[in-house]
Amino acid sequence: MLINNYLRTFLLKNFLELFFPQTCINCSGYVEEPHIFICYRCISEIPLTNYSCLCDNPLEISFKGRVDLISGTSLMFYEKGGLVQKLMYELKYNQKPSIASFFGRWLGAEMLESGRFETIDIIIPMPLHKEKRRKRGYNQSEYFGKSLAQTMGKVYRDNLLFRVADTASQTRKNRAERMQASDIEYTINGKANLIDKHVLIVDDIITSGATLQSSTVPLLTVPGIRLSFASIAITP
Ligand SMILES: [Zn+2]
């Protein structure tokens, strides 16, 4: 009997689920939705911010006087010992970058619905320290940004913003030059791509906002650029 590829995959998947049912990474319960790492009950317990539809939300207010933002949002509140901390741990330290993609689709749908993020042209993820990326094997903000961009139908670029310490030019500088440049943490490549653009910078967690703020230093040298921020989680 001829079994096509689709049927073979389907049968194999069901066979695997019978013996290795997918369990929720939070409560170890049964996961109703295939390809999702968390059960419905735990999803309903995620503390959502609802910032996407809220003008002058606490994220936007927290950057007032530091960075002129067009808009900002975050999907959920991060609290020590809470469910979101557990999710973030799995995402960063347990080889589960698909968690970031899932939340990218979720937040992307929310941002589309709000209508406050329509003018965004390009989505850029926060670059990860080269050594951390090598150890982890991925940058979670890239997974988040990519799925956010796909959901919103926006351009995604992860080759425009870099950490200064990770660029080749920095290693060629002598010690004095490096020390002088130490307050500049980020640099941009291909400035022309950003002129007159509305850029959304995305990160996994916003705590003090200092990292995001320092990434804006080179970006704000681009004529006509406008900036917005989005993250998976934020500390309340
Ligand atoms: Zn659960």
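Author: Helix α7 is mostly covered, since 10 of its 13 residues are buried. The model is a predicted one.

Reader: Which residues of α7 are buried, and what covers them?

Author: The buried residues of α7 are Q140, S141, E142, Y143, F144, G145, S147, L148, A149 and M152. Their cover includes the helices α4 (83-93) and α5 (98-114), together with the strands β2, β3, β6 and β7.

Reader: How do you know that α7 has the span expected of a helix with 13 residues?

Author: From its first C-alpha to its last, α7 reaches 18 Å, and 18 Å is expected at 1.5 Å a residue. The expected span is 1.5 Å times one less than the number of residues, and the value for α7 is close to it. The helix is followed by G153, which has a positive phi near 70°.

Reader: What does L148 contact beyond its neighbours within four places in sequence?

Author: L148 is then in contact with G104, L107, G108, I123, V202 and A230. L148 is also among the residues that touch the most other members of the largest nonpolar core, which has 44 residues; the others are F103, I201, V202, I232 and A233.

Reader: Why is K96 called partly exposed?

Author: The class lies in between the two limits: 20 or more neighbours for buried, 12 or fewer for exposed. K96 has 19 C-beta neighbours inside 10 Å, so it counts as partly exposed. K96 is found in the loop between α4 and α5. Leaving aside neighbours within four places in sequence, K96 is in contact with F37, E90 and L91. The contact itself rests on C-beta atoms lying within 7 Å.

Reader: What is the order of the strands in the sheet, and why are β1 and β3 said to stand at the edges?

Author: The sheet is open and is formed by 5 strands in the order β1-β7-β6-β2-β3, with parallel pairing. β1 (69-77) and β3 (155-156) each have a single partner strand, so one side of each is left without a neighbour in the sheet.

Reader: How do you know that β2 and β3 pair?

Author: Pairing requires at least two bridges. Strand β2 (residues 122-125) and β3 are joined in the parallel sense over 2 bridges, and I122 stands opposite V155 in β3. β2 also pairs with β6 in the parallel sense, over 4 bridges; there I124 stands opposite I201 in β6.

Reader: What joins β6 to β7, and how does the chain cross from one to the other?

Author: The two strands run parallel and are joined by 8 bridges. The bridge partner of I201 in β7 is F229. The chain passes from β6 through α10 to β7, a β-α-β crossover that is right-handed. β6 is mostly covered, with 8 of its 9 residues buried.

Reader: What makes the phi of N50 and of D196 worth a remark?

Author: Most residues other than glycine have a negative phi. N50 has a positive phi of about 60° although it is not a glycine, and for D196, also not a glycine, phi is likewise positive at about 60°. N50 lies in the loop between α2 (40-44) and α3 (58-62), while D196 is placed in the loop between β5 (186-188) and β6.

Reader: Are N50 and D196 buried or exposed?

Author: N50 has 12 other C-beta atoms within 10 Å, so it is exposed. D196 has 10 such atoms within 10 Å and is therefore exposed.

Terms used:
Residues are numbered from 1 along each chain as its sequence is written. This is a predicted model: local features need pLDDT of at least 70, side-chain atom pairs count only at pLDDT 80 or more; totals for chains, interfaces and linings use all residues. A nonpolar core is a set of buried Ala, Val, Leu, Ile, Met, Phe, Trp, Tyr and Cys residues joined through C-beta atoms within 7 Å. Two residues are in contact if their C-beta atoms, placed from the backbone, lie within 7 Å. A crossover is right-handed if, with the strands pointing away from the viewer, the path from the first strand over the helix to the second runs clockwise.
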